[in-house]
Amino acid sequence: MGVSLKDIAERAGVSLATVSNVVNGYRPVGEGTRQRVQRAIDELGYTPNLSARHLRRGRTGLIALAVPELTNPYFAELADVAIREAAGLGYTLLMENTAAERGAELALLEGAQRHLIDGLILSPVAIGREEVLARRARMPLVLIGEGVYDVPYDHVAIDNVAASRTATAHLVALGRRRIAFVGAPPGGDRQSAHLRIRGYREALDAAGIPFDPGLVVPTEQFGRADGEHAMRHLLSLDHPPDAVLAYNDLTAIGALRTLTRSGAGVPDDVAVAGIDDIEEGRFSNPTLTTVAPDKRAIGRSAVRRLVSRIEGEGGPPMHVQPSFHLVARESTGPVR
């Protein structure tokens, strides 16, 4: 037979109610008593029935993380952090792939899975502020990424303008003056791309480098093939760039492939930088300079905010802004 709360109470020399308060977190318990109960739990090897606990509270114990590109290593790495954090808080995290489709994002926003999950972490791409403000579903929601602003929901995102500005300033410090941006949104979508272009332009302005719209290349998506095709276009210009900042690491890795196949030297002829710090960039040839967001902080903060809302925390929405830092590698080389 399994270990019961009664067994723990007898071992710790406390009441059954006290054990229940410690295990379920119903009421504060004195630190000495709590430690005694925890010691009894450890000695007896007690494992709480989380499903039963959630059912008693009218919950499923399931939360969801919805991302636009499940095959993107950035989201895979983020999901790994979120899954671990959710498990540590007694929840199971389910993955949803919206494929950046408006209908899929709206369906989740309006609670398409409200009978299955207790709350949702959403990375919106195809919807914006107005759609989020019009939301009628009451299920707790936390937003990640840069899709919307000024909405009554917790939001976890790095400062994309500052991140892009930092990467561009690094390229400027190398002595580069014809710096291209690969990954502009073709139809006005993807607010994070607009923010990264803004940071790119701010860094050029600060360095006194005129903005050249011909060096900003739109891409349909933000993968390796998109970066590959965009780099071909840039190399065909009468005056090709001497540096490239890509919307993300995947796009940058595609650009590196084109440069390698063309015989261009990286970083001697063209320096390349990305944003995301995915593992693939640490093993590319040459290794990729990138802006590294604190993915651990993003995943942990998003899950913690959601669980707090599920468990009744009130108060105004919070905007959590995790840190980032530049990681200089072989694709940009030493500063001159």
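This is a predicted model: local features need pLDDT of at least 70, side-chain atom pairs count only at pLDDT 80 or more; totals for chains, interfaces and linings use all residues.
Colleague: Is Thr168 buried or exposed?

Modeller: Thr168 sits in helix α8, residues 160-173. Helices are DSSP runs of H or I with at least four residues, strands are runs of E with at least two, and both are numbered from the N terminus. Buried means under 20% relative accessible area, exposed means over 50%, and partly exposed is in between, with a 1.4 Å probe and protein chains only. Because its relative accessibility is 0%, Thr168 is buried.

Colleague: Which residues does Thr168 touch, not counting those up to four places away in sequence?

Modeller: Contact means heavy atoms within 4.5 Å. With residues up to four places away in sequence not counted, Thr168 touches Ile179, Tyr200, Ala203, Leu204 and Leu245.

Colleague: How many aromatic pairs are found in the whole structure?

Modeller: Rings of Phe, Tyr and Trp (its six-membered ring) pair if their centres lie within 6.5 Å; planes under 30 degrees apart count as stacked, over 60 as edge-to-face, and the rest as tilted. By that rule, the search of the whole structure gives four.

Colleague: What is the pair of Phe181 and Tyr200, tilted or edge-to-face?

Modeller: Phe181 belongs to strand β6 (residues 179-184) and Tyr200 to helix α9 (residues 191-207), so their pair ties together parts 19 residues apart in sequence. Phe181 is buried at 0% relative accessibility, and Tyr200 is buried with a relative accessible area of 0%. The ring centres are 5.6 Å apart and the planes are at 50 degrees, so the pair is tilted.

Colleague: Which residues form one aromatic cluster?

Modeller: Tyr200 also pairs edge-to-face with Phe211, at 6.4 Å centre to centre and 75 degrees between the planes. Phe211 is in the loop between α9 and β7 (216-218), eleven residues from Tyr200, and is partly exposed at 27% relative accessible area. The one cluster is formed by Phe181, Tyr200 and Phe211.

Colleague: Which residue lies over the face of Phe211?

Modeller: A charge sits over a ring if NZ of Lys or CZ of Arg is within 6 Å of the ring centre and within 35 degrees of the ring normal. Arg196 lies over the face of Tyr247, at 4.5 Å from the ring centre. Over the face of Phe211, at 3.7 Å from the ring centre, lies Arg201.

Colleague: Within what arc do the buried residues of α3 fall?

Modeller: The buried residues in α3 are Val37, Ala40 and Ile41. The arc is that of the directions from the helix axis to the C-beta atoms. Seen down the axis of α3, the buried residues line one face of the helix, because they fall within an arc of 100 degrees.

Colleague: How many of the 14 residues of α11 are buried?

Modeller: The buried residues of α11 include Asp249, Leu250 and Leu259. They pack against α5 (73-88), β6, α10 (224-235), β8 (243-246), β9 (271-275) and β10 (289-293). Helix α11 is largely enclosed by the rest of the structure, because the number of its 14 residues that are buried is ten.

Conventions
Residues are numbered from 1 along each chain as its sequence is written. Side-chain values use heavy atoms; hydrogens and water are left out.
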